[in-house]
Amino acid sequence: LKQRANGATPRRTPRAAARAMANVPVADLSKEQQDELLCTYAALILHDDGAEVTPEAMNNLIKAAGCSVEGYWPMLMSKMIKNVGMDALIKMGSGGGGGGGG
């Protein structure tokens with residue numbers, strides 16, 4: 001992070017951290033991070049298609065993409081989605097977005 005004129009180092013906001021993460025090549029992510037990313041994409045695809053987000057459905061999508069994840073990830077992710085709700089999770093991760101232009 002770049003130091004400010006007054007010598008203070010700015011804090012990294014969640015939004016800035018998300019932008020930084022998007023700049024990291026997938027090959028540079030740990031296996032755990034790659035597994036989480038694969039499950040996130042699978043869950044988003046299922047949700048967008050109106051399908052139920054289950055461990056089985058997530059595994060099917062991940063395998064169809066030629067990938068694999070540790071067995072606990074789809075179960076953990078689908079349980080979190082069931083408890084919190086996909087729409088709520090999407091809102092949490094979106095960072096709030098800016099206002100519309102007039």
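L44 is in contact (heavy atoms within 4.5 Å) with M86 and I90, leaving aside its neighbours within four places in sequence. The place of L44 is in helix α2. Helices here are DSSP runs of H or I with at least four residues, strands are runs of E with at least two, and both are numbered from the N terminus. With a relative accessible area of 34%, L44 is partly exposed. The terms for exposure are set as follows: buried is under 20% relative accessible area, exposed is over 50%, and partly exposed lies in between, with a 1.4 Å probe and protein chains only. From L44 to M58 there are 14 residues in sequence and 9.7 Å in space, C-alpha to C-alpha.

The model is predicted: local features need pLDDT of at least 70 and side-chain atom pairs count only at pLDDT 80 or more, while totals for chains, interfaces and linings use all residues. Residues are numbered from 1 along each chain as its sequence is written, and side-chain values use heavy atoms, with hydrogens and water left out.

**Overall make-up**

The chain has five helices and zero strands, so that its elements read α-α-α-α-α from the N terminus on. Of the 102 residues in the chain, 20% are buried. The chain exposes about 7600 Å², and carbon and sulfur atoms supply 54% of that area. Accessible areas come from the Shrake-Rupley method with a 1.4 Å probe; for residues, only the protein chains shown count as cover. Among contacts between residues at least 6 apart in sequence, 44% join residues at least 24 apart.

Helix α2 gives the most to the patch, with three residues.

**Nonpolar core**

The largest nonpolar core has 14 residues, and those with the most contacts inside it are C39, A43, V53, M58 and I81. Such a core is a set of buried Ala, Val, Leu, Ile, Met, Phe, Trp, Tyr and Cys residues joined through side-chain atoms within 4.5 Å. At least two residues of this core come from each of α2, α3, α4 (72–84) and α5 (86–94). The most comes from α2, with four residues.

C39 is found in helix α2. At 0% relative accessibility, C39 counts as buried. Leaving aside neighbours within four places in sequence, C39 is in contact with M58, I62, V69, W73, P74 and M77. The C-alpha atoms of C39 and M75 are separated by 9.7 Å, although the two residues are 36 apart along the chain.

V53 touches A43, L46, H47, M58, S78 and I81, not counting residues up to four places away in sequence.

A polar atom of the T54 side chain lies 3.0 Å from the backbone nitrogen of A57. A polar contact is a pair of N or O atoms within 3.5 Å; within protein, one must be able to donate a hydrogen and the other to accept it, and residues adjacent in sequence count only if both atoms are side-chain atoms.

**Salt bridge**

The structure holds one salt bridge. K31 forms this bridge with D35, and the closest N and O atoms are 2.6 Å apart. A salt bridge is a side-chain nitrogen of Lys or Arg within 4 Å of a carboxyl oxygen of Asp or Glu. Side chains of opposite charge can pair when their charged atoms come close. Both K31 and D35 lie in helix α2, four residues apart, about one turn of the helix.

**Accessibility of selected residues**

| Residue | Relative accessible area | Class |
|---|---|---|
| K31 | 43% | partly exposed |
| D35 | 1% | buried |
| T54 | 18% | buried |
| S78 | 10% | buried |
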